[in-house]
Amino acid sequence: GVVTAHVVLGTGPITEFLGGMADLLGMQSETYNEKITEAEMVCLSKLRGNAYRMRADAIIGIHITYTELTHISGMLLVCMAGTAIKNV
């Protein structure tokens, strides 16, 4: 069946400032990259936990969506969905 998980992560004012500087200079923002990677790892852990509770053996076809919830507060949303399968 379908298995899903999501994580909402605040970026904080320092990340916002450093991200703005990276944008101004046309560079990658390592602070945002780290935040997104952290959110992905937490979300994947939740996805695996949800699949485990479904008694699934694996998850296939994982789709990841990234969204900024509010432009002002810098809240990031990472959603994952996949198909939980069971070996027979």
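Modeller: Before we start, a contact here means heavy atoms within 4.5 Å. And keep in mind that this is a predicted model.

Colleague: Fine. Which residues does C43 touch, leaving out those up to four places away in sequence?

Modeller: Take C43 with that 4.5 Å cut-off for heavy atoms. Once residues up to four places away in sequence are left out, the partners of C43 are A5, H6, V7, V78, C79 and M80.

Colleague: And which elements give two or more residues to the largest nonpolar core?

Modeller: That core has 12 residues, C43 among them, along with others including A5, V7, V78 and M80. Nonpolar side chains tend to be buried together in soluble globular proteins. The elements giving this core two or more residues are β1 (2–10), α2 (30–53) and β3 (75–85).

Colleague: In what order do the helices and strands come along the sequence?

Modeller: The protein chain has two helices and three strands. Read along the sequence, they follow the pattern β-α-α-β-β.

Colleague: What about Y52, is it buried or exposed?

Modeller: Y52 sits in helix α2. Its C-alpha atom is 8.9 Å from that of A84, which is 32 residues away along the chain. Exposed takes over 50% relative accessible area. Y52 has 66% relative accessibility, so Y52 counts as exposed.

Colleague: Zooming out, what share of the contacts with a separation of 6 or more comes from residues 24 or more positions apart?

Modeller: For scale, the protein chain has 88 residues, of which 27% count as buried. Among its contacts with a separation of 6 or more, the share from residues 24 or more positions apart is 66%.

Key:
Residues numbered from 1 in each chain as written. Predicted model: local features only at pLDDT ≥ 70, side-chain atom pairs only at ≥ 80, totals over all residues. Heavy atoms only, no water. Helix = DSSP H or I, 4+ residues; strand = E, 2+ residues; numbered from the N terminus. Buried < 20%, exposed > 50% of the residue type's maximum accessible area, 1.4 Å probe, protein only. Core = buried A, V, L, I, M, F, W, Y, C linked by side-chain atoms within 4.5 Å.
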